[in-house]
Amino acid sequence: RGSRPETRARASTRRSGTARRGALGRITRSMTTAISARALAVVAARATRTARGARGQAAARRCATERRGGATARDRRATFGTRMMSRGAAPRAVTTEDEVEAESRREARESAVGAAPPHEVSEEKEYDVFRDSLLRYMGYANECGEAFVAWLPVWGVPATYGIAATYVLADTVDKGVKRWNKAEGASDRANQAAAVATETLTWQMLASVFWPGSFIRVVVATTNLALAKADVSAFDSLAAQGLDVERILPTLLGLAAIPFIVKPIDTTIDAAAEISFAKALRGEMKNASEWAVGAGVVGACLAVPPVLFGLAETISNAAQ
């Protein structure tokens, strides 16, 4: 067992070793903590730099994409702006991408009905005098006539409808002749030309003549009714200066309504055509139910102008 002094010496030795090991452990832990903190700081700094770089690259990509997107949109508008839809293919001023898409569908219909073989189609867009020249404005004659009804003689408004109808018929003949020429040698050449001409005539008379004319007549009649029921004494001073507000205001509102009815009418007639006469002319009617739906849609389209003309007449009578 050894003597007591020896026991105390061994105990002292053990305590001394334990103390040294404890001090060494504390030093080791301190060093580990310091190294870990330093490593974490380095990692955090690198992560921050990486995040900043990623954000910068993302922002640069967004800017580049926006620039490219803006240029693409401008290019689309500029390109389509030169095409200026005519009454032969919706002869309206095009300002939005929805109208661009509608125009593309209309042109596709004209080229798809009995389309000529691909090698016969010119890669460059063919000049269309009814779409690319000032003649296209003849298609707006009847709308302007309805707006200026207070200033025209009795025969004035019917004359404007005659101008618009002449434009439509000329465009119809032009489209039919072009299809006839493109289909040279085809066994169904006459059918192709007749189909294109029929679709052009139907679409034009609905969307370019009778629908917009009837809507403008309702606008003018409603304005006249409002003026008849309102106190217009405030306009006496203007009337004394030769300004007939009760004639000028309906005309201005009628003209102002034209741009707002263009897209809804064109879109509606496009949708109706795709399930009725255009579909039938392409030979895509599959069963009796589709024929029935098509006939009903055509009947509804033909009924709209008489209903609106009748409504305008009723409103005009109420204003008297």
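## Terms and model

Helices (H or I, at least four residues) and strands (E, at least two) are DSSP runs, numbered from the N terminus. This is a predicted model, in which local features need pLDDT of at least 70, side-chain atom pairs count only at pLDDT 80 or more, and totals for chains, interfaces and linings use all residues. Residues are numbered from 1 along each chain as its sequence is written, and side-chain values use heavy atoms, with hydrogens and water left out.

## The second largest pocket

A pocket is found on a 1 Å grid over the protein atoms alone, as an open set of points where a 1.4 Å probe fits, with protein on both sides within 12 Å along at least five of seven lines. The second largest pocket holds about 390 Å³ of space. Its lining has 16 residues, and Val149, Val220, Ala221, Asn224 and Ser316 are the closest to the centre. Lining residues have an atom within 4 Å of a point. A volume is the space filled by probe spheres set on the points, which are joined across faces, edges and corners.

Two or more lining residues come from each of helix H6 (189-229) and helix H10 (288-319). H6 gives the largest share, six residues. By class, eight lining residues are nonpolar, four are polar and four are charged. Here Ala, Val, Leu, Ile, Met, Phe, Trp, Tyr, Cys and Pro count as nonpolar, Asp, Glu, Lys and Arg as charged, and the others, Gly among them, as polar.

## Aromatic rings

The structure holds three aromatic pairs. Rings of Phe, Tyr and Trp (its six-membered ring) pair if their centres lie within 6.5 Å; planes under 30 degrees apart count as stacked, over 60 as edge-to-face and the rest as tilted. One of the pairs joins tyrosine 137 and tyrosine 140. This pair is tilted, at 6.4 Å centre to centre with 35° between the planes. Tyrosine 137 is partly exposed at 44% relative accessibility, while tyrosine 140 is buried at 14%. Buried means under 20% relative accessible area, exposed over 50%, and partly exposed in between (1.4 Å probe, protein chains only).

Tryptophan 211 and phenylalanine 215 have ring centres 6.5 Å apart and planes at 50°, so this pair is tilted. Both residues lie in helix H6, four residues apart, about one turn of the helix. Tryptophan 211 is buried at 7% relative accessibility. Phenylalanine 215 is partly exposed at 30%.

A charge also meets a ring. The charged end of arginine 247 sits over the ring of tryptophan 151, 4.0 Å from its centre. The rule asks for NZ of Lys or CZ of Arg within 6 Å of the ring centre and within 35 degrees of the ring normal.

## Salt bridges

The whole structure has nine salt bridges. Each is a side-chain nitrogen of Lys or Arg within 4 Å of a carboxyl oxygen of Asp or Glu. Lysine 175 and aspartate 128 form one of them, at 2.9 Å from N to O. Lysine 175 lies in helix H5 (residues 156-182) and aspartate 128 in the loop between helix H2 (97-112) and helix H3 (129-132), so the pair ties together parts 47 residues apart in sequence. Both lysine 175 and aspartate 128 are buried.

Lysine 175 also meets aspartate 174, at 3.6 Å from N to O. Aspartate 174 is buried. Elsewhere, glutamate 274 pairs with arginine 282, with the closest N and O atoms 3.1 Å apart. Glutamate 274 is partly exposed at 26% relative accessible area, and arginine 282 is partly exposed at 22%. Shared partners join Asp128, Asp171, Asp174, Lys175 and Lys178 into one network of salt bridges.
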